[in-house]
Amino acid sequence: EDEEFGFDAERASPSHRAVEGSALQSPSSKGHPLMSPRQIPPTSPPAAPIQTQDEEEQEQHKPHRKACGIWTALIITTLCVIVIGVIWVLTFQHYATSDDHIYTVAKLEEFKQNYLPATKHTFVHVGIYVYTLDFVSPTIVSVAGTVWMMFPPDTPPGTNQEIQFPDTTSITTLNPVLLDNVTFSDGTRRVIWGFDVPLKQSFDNSEYPFDDIVVNIRIWPLQVFHNLTFVP
């Protein structure tokens, strides 16, 4: 009876063997454990995202917006360059050399003839070299540097060779430091002073930003009654 009702795998039909083989697949194997690979339904590809009308319009306007941004940046940059150029042109046109300053030898000779009295004057050539210039406040400028002086051979004996800064705001800086005092073979004497003084200034800012900031450094002889005249 056991042989009569037993299952003979060799005499089973191919369909029975296929069902038996598929049923013995492990759950971890690919596919359904009770279905053959031919019976597993094919998987469909993922659906493409659906764009709404607003998203489509935004995608269409992206190149246009990018072009508008580039043109806006170019226009702003061009306007800035034009404004800077106009400011430079107006500044150069506004600046003019003042007539009351001596820049040339001809201007110096004109000053001697027209503005100096007939009394004898000893003309001392004076030059200044500025090391630092610091704006301490809106009305005070600190200036440090050296002053060189060339006394002619006909300078009266005993002439005081010291200098002073009448616009200084500190009484302790009236007497600069003597750095050099040399007499040459032709009788010319060279004197060099070092100084560091705060100077009172009066700036006119009414034409800002086209105003000219001019720092005036006035130098006087320490004894003003010796008929010494400082010239550039």
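A residue counts as buried under 20% relative accessible area, as exposed over 50%, and as partly exposed in between. The legends below describe close-up views of a predicted model.

**View 1. Ile82 in helix 3.** Ile82 lies in helix 3, which covers residues 53–94. Its relative accessibility is 48%, so Ile82 counts as partly exposed. Ile82 also belongs to a nonpolar patch on the surface.

View 2. Five strands form an open sheet with mixed pairing, and their order is 4-5-2-1-7. At the edges are strand 4 (177–183) and strand 7 (228–231), each of which pairs on one side only. On average, neighbouring strands of this sheet are turned by 30 degrees against each other, direction ignored. Strands of a sheet pair through backbone hydrogen bonds, in either a parallel or an antiparallel sense.

**View 3. Strand 1 and its two partners.** Strand 1 consists of residues 122–135 and strand 2 of residues 140–151. These two strands are antiparallel and share ten bridges. A hairpin of four residues connects strand 1 to strand 2. With strand 7, strand 1 pairs in the parallel sense, over four bridges.

View 4. Which residue of strand 2 is the bridge partner of His125? It is Met150. In strand 7, His125 has Val231 as its bridge partner. Thr132 stands opposite Ala144, a residue of strand 2. In a regular strand, side chains alternate between the two faces of the sheet.

View 5. Arg218 is found in the loop between strand 5 (189–200) and strand 6 (220–221). Is Arg218 buried or partly exposed? Its relative accessibility is 40%, so Arg218 counts as partly exposed. Leaving aside residues up to four places away in sequence, Arg218 touches Gln164, Phe165, Pro166 and Asp167. Arg218 and Asp167 are 51 residues apart along the chain, and their C-alpha atoms are separated by 7.0 Å.

Terms used
Residues numbered from 1 in each chain as written. Predicted model: local features only at pLDDT ≥ 70, side-chain atom pairs only at ≥ 80, totals over all residues. Heavy atoms only, no water. Patch = residues over 30% accessible without salt bridge, like charges linked within 9 Å, V, L, I, M, F, W, Y side chains within 5 Å. Areas by Shrake-Rupley, 256 points an atom, 1.4 Å probe, with all protein chains shown as cover. Salt bridge = Lys/Arg side-chain N within 4 Å of Asp/Glu carboxyl O. Buried < 20%, exposed > 50% of the residue type's maximum accessible area, 1.4 Å probe, protein only. Pairing = 2+ DSSP bridges. Axes fitted to C-alpha atoms, helices over the stretch in contact; angles between N-to-C directions. Contact = heavy atoms within 4.5 Å.
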